[in-house]
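Visitor: I have a model open and would like to go through it with someone. Can we start with the overall picture and then look at single residues?

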Amino acid sequence: VANNSTNMVIIADGEGKIEWINPAFTRTTGYSLEEVVGRKTASFLRGPETDDKVAAFMDEKISSGQGFKDVEIVNYSKEGRPYWVSIEVHPIRDKAGDVLQFIAIESDISERKATQQLLLDRNEELLKTNAELDRFVYSASHDLRAPIASLLGLIEVARIEKDRNNIVELLEMQQKSLL
């Protein structure tokens with residue numbers, strides 16, 4: 001099953017040194033079994049974008065004989081290509097409870113991470129656009145408020161004015177305040 005899985009499978013000894021990898025591991029990383037046997041994955045899969053806190057968490061769990069799951073980290077192929085994986089590690093214990101081996105299953109989640117980043121970038125763009133629209137609406141309402149207030153005042157004055165000539169003058173003033 002492990003040979004035919006699309007997920008990367010690693011079997012390591014109780015110290016975390018690789019004993020076996022499946023073909024999916026070789027396809028993804030570019031490393032053959034001969035190149036990695038006896039090594040810890042941290043010695044060749046980590047790189048500049050690897051999160052040191054996540055790496056330290058995994059190292060601590062393995063050194064204390066514990067497993068973990070759903071840990072996401074950036075690894076690097078033999079050619080230096082970064083890729084995201086979700087890792088699940090389970091210890092295999094003997095009857096006395098000592099760790100004999102670890103089995104790690106790694107799923108390549110690079111596409112999912114790229115999609116998440118695209119959504120985050122799009123969301124940031126939308127937030128900026130929304131802020132610009134808010135500023136425009138505020139500015140537009142502010143720019144309209146003064147002429148409308150002036151117009152309302154002139155309408156009130158025109159209502160109480162009795163002289164027709166003054167009313168015509170007030171109507172002209174109203175027209176000017178709208179232009």
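Guide: What follows is a walk through this predicted model, from the whole chain to a few residues.

Visitor: How many helices and strands are there?

Guide: The protein has 6 helices and 5 strands. Along the sequence they follow the pattern β-β-α-α-α-α-β-β-β-α-α.

Visitor: What are its dimensions?

Guide: The C-alpha trace spans about 110 × 35 × 30 Å along its principal axes. The radius of gyration is 34 Å, while a compact globule of 179 residues would have one near 16 Å.

Visitor: And how much of it is buried?

Guide: Buried residues account for 26% of the 179 residues. As for contacts between residues at least 6 apart in sequence, 37% of them join residues at least 24 apart.

Visitor: On to the sheet. What's the strand order?

Guide: The order is β2-β1-β5-β4-β3, in an open sheet with antiparallel pairing. The edge strands are β2 and β3, each of which pairs on one side only. From one strand to the next, the twist averages 30 degrees.

Visitor: Which helices pack on it?

Guide: Helix α4, residues 52-63, packs on the sheet and touches β3, β4 and β5; its direction is at about 125 degrees to that of β3. Helix α5, residues 110-160, also packs there, touching β3, β4 and β5, with its direction at about 130 degrees to that of β4.

Visitor: How many bridges does β4 make with β5, and with β3?

Guide: Strand β4 (residues 82-93) pairs with β5 (residues 99-108) over 9 bridges. With β3 the pairing covers 7 bridges. Both pairings are antiparallel.

Visitor: Can you give me some partners to click on?

Guide: Val85 has Asp108 in β5 as its bridge partner. Val74 stands opposite Trp84 in β4.

Visitor: What about the turn between β3 and β4?

Guide: That hairpin has 5 residues between the strands, and Gly80 there takes a positive phi near 90 degrees.

Visitor: Which residue other than glycine has a positive phi?

Guide: Asp70 is one, with phi near 55 degrees. Most residues other than glycine have a negative phi. Asp70 is in strand β3.

Visitor: Is Asp70 buried or exposed?

Guide: Exposed, because its relative accessibility is 57% and the exposed class begins over 50%.

Visitor: Now the core. Which residues have the most contacts inside it?

Guide: The largest nonpolar core has 23 residues, and those with the most contacts inside it are Phe25, Val36, Phe44, Ile73 and Ile87. At least two core residues come from each of β1, β2, α1, α3, α4, β3, β4 and β5. The most come from β4, with 4 residues.

Visitor: What does Ile87 touch?

Guide: Not counting residues up to four places away in sequence, Ile87 touches Met58, Phe68, Lys69, Asp70, Val71, Ile73, Ile105 and Glu106. Asp70, the residue with the positive phi, is in that list.

Visitor: And Ser86, buried or exposed?

Guide: Ser86 is in strand β4 and counts as buried because its relative accessibility is 14%. Beyond four places in sequence, the contacts of Ser86 include Asp70, Val71, Glu72 and Ile109. Ser107 is another contact of Ser86; the two are 21 residues apart in sequence, with their C-alpha atoms 5.2 Å apart.

Visitor: What does the Asn22 side chain reach?

Guide: The side chain of Asn22 reaches the backbone oxygen of Ala2 at 2.8 Å. A polar atom of that side chain also lies 2.9 Å from the backbone nitrogen of Val9. Leaving aside neighbours within four places in sequence, Asn22 is in contact with Ala2, Asn3, Ser5, Asn7, Met8 and Val9.

Visitor: Last one: where does Ala114 lie, and how far is it from Trp84?

Guide: Ala114 lies in helix α5 and counts as partly exposed, at 46% relative accessibility. The C-alpha atoms of Ala114 and Trp84 are separated by 9.3 Å, and the two residues are 30 apart along the chain.

How values were computed
Residues numbered from 1 in each chain as written. Predicted model: local features only at pLDDT ≥ 70, side-chain atom pairs only at ≥ 80, totals over all residues. Heavy atoms only, no water. Polar contact = N/O pair within 3.5 Å; in protein donor to acceptor, adjacent residues only side chain to side chain. Contact = heavy atoms within 4.5 Å. Pairing = 2+ DSSP bridges. Axes fitted to C-alpha atoms, helices over the stretch in contact; angles between N-to-C directions. Buried < 20%, exposed > 50% of the residue type's maximum accessible area, 1.4 Å probe, protein only. Core = buried A, V, L, I, M, F, W, Y, C linked by side-chain atoms within 4.5 Å. Rg over C-alpha atoms; globule rule 2.2 N^0.38 Å.
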